[in-house]
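My notes follow in the order in which I checked things.

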Amino acid sequence: MKYLNYKGFQTQSRTPDVFNKFDIEEFFDGYSSFFKHLPSGIADKISSGYASDWDDISKKIKSEFNYICQQCGLDLINNKRLLHTHHINGVKHDNRKENLKPLCVDCHSKQPNHQHLFVRHEDTQTINHLRRTQNLILRDDWSAVFKLADSALHGVVDLLMEYKLPIPEVGYELEASNKTITQIELAWPVRKIGIAIDKESARNAIDEGWEIHSMRYVLNQFDFLAQSLR
Ligand SMILES: [Zn+2]
Ligand SMILES: [Zn+2]
């Protein structure tokens, strides 16, 4: 946990709390991008508690809101799979209309008590791509970085803020000969420096002359990254 700067394990003084109150489901919620499958036991809980006509109710709500995430504004009409219907008060069988709203999987997974929600890294990347094409990505704002970044990166984002480093772009799409070749989770395009989660993205960017670091490197050698970004 120190390694991941989990909940500020390294940077904040509430270390004993993070340790004593460690919740395996919450942990997998945040770091799901690193795992291909959830441990059994967590996955089993996912579909319990819904009404039998839930699928129809959910579909109706999504279409009434025109397949737009009510938090980030993302239009998912062509990617309906990435849109969920969320119970605002957290009660899964309370299907009154005012208790339901569509959220993209990314915004949904960041709601309180959504430990059960597993988002694949590819899906986070697709959502970032769509947000970019729909001009929903704001720059120059740390809170936006926090909201948009994969939650596995929050420990790194905390450190970047603490060191007062330049604000990165989230889900930066690297182009070569007018084609997007890869997506970099956190990027400083002017300096050609980035932090990538998967090895293939890293390799593609390195081929284009970028300096790419893994989370592991960044958390171990933060001072080096800080130096190259200053
Ligand atoms: Zn959203
Ligand atoms: Zn929900």
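**Loop residue F65**

I began with F65, which is partly exposed because its relative accessible area is 32%. I placed F65 in the loop between α3 and β1. The model is a predicted one. I then looked for residues that touch F65 from beyond four places in sequence, and I found Q70, L100 and P102. I also checked F65 against K101: the two are 36 residues apart in sequence, and their C-alpha atoms are 8.0 Å apart in space.

**Overall make-up**

I noted 10 helices and 6 strands in the protein chain. The chain has 230 residues, and 46% of them are buried. I looked at contacts with a separation of 6 or more, and 50% of these come from residues 24 or more positions apart. I searched the whole structure for disulfides and got 0.

**Zinc ion, ligand 1**

Which protein atoms are the donors of the zinc ion (ligand 1)? I listed the SG atoms of C69, C72, C104 and C107, at 2.3 to 2.4 Å from the ion. I checked the angles among the 4 donor atoms, which run from 102 to 118°, and the site is tetrahedral. For reference, I wrote down that the ideal angle for four tetrahedral donors is 109.5 degrees. Along the chain, the donors of this zinc ion follow the spacing C-x2-C-x31-C-x2-C. C69 and C107 link distant parts of the chain, being 38 residues apart. C69 sits in the loop between α3 (54-64) and β1 (83-87), whereas C107 belongs to helix α4 (residues 105-109).

Are C69 and C107 buried or exposed? I found both of them buried. C69 counts as buried because its relative accessibility is 2%, under the 20% cut-off. C107 has a relative accessible area of 6%, so C107 is buried too.

**Zinc ion, ligand 2**

I moved to the zinc ion (ligand 2), where the coordinating atoms are H86 (ND1), H108 (NE2) and H114 (NE2), at 2.0 to 2.1 Å. The donor residues have the sequence spacing H-x21-H-x5-H. H86 in strand β1 and H108 in helix α4 are 22 residues apart, and this pair links distant parts of the chain. I recorded both H86 and H108 as buried.

H108 is buried because its relative accessible area is 6%. I looked for polar contacts of its side chain and found one of 2.8 Å to the side chain of H84. The side chain of H108 also makes a polar contact of 3.3 Å with the side chain of H86. Setting aside neighbours within four places in sequence, I found H108 in contact with H84, T85, H86, L103, H114 and L117.

**Helix α5**

I tested the length of helix α5 (residues 121-133). At 1.5 Å a residue, its 13 residues should span 18 Å, and the C-alpha atoms at its ends are 19 Å apart, which agrees. I listed the buried residues of α5 as H121, D123, T124, Q125, I127, N128, L130, R131 and R132. What do the buried residues of α5 pack against? I traced them to β2 (100-104), α4, α6 (142-148), β3 (169-176), β4 (179-188) and α8 (199-207). Just after α5, I noted a positive phi of about 55° at N135.

**Helix α7**

How many of the 9 residues of helix α7 (residues 154-162) are buried? I counted 7, so this helix is largely enclosed by the rest of the structure. The buried residues of α7 are H154, G155, V156, V157, D158, L159 and L160. Their cover includes α6, β4, β5 (193-195), α9 (215-220) and α10 (222-229).

Methods. Residues numbered from 1 in each chain as written. Chains lettered and ligands numbered in written order. Predicted model: local features only at pLDDT ≥ 70, side-chain atom pairs only at ≥ 80, totals over all residues. Heavy atoms only, no water. Donors = N, O, S within 2.8 Å, 3.2 Å for Na, K, Ca; no water. Tetrahedral: all angles 85-135°; square planar, octahedral: opposite > 155°, others 65-115°. Helix = DSSP H or I, 4+ residues; strand = E, 2+ residues; numbered from the N terminus. Buried < 20%, exposed > 50% of the residue type's maximum accessible area, 1.4 Å probe, protein only. Expected span 1.5 Å × (residues − 1). Contact = heavy atoms within 4.5 Å. Polar contact = N/O pair within 3.5 Å; in protein donor to acceptor, adjacent residues only side chain to side chain. Disulfide = S-S within 2.5 Å.
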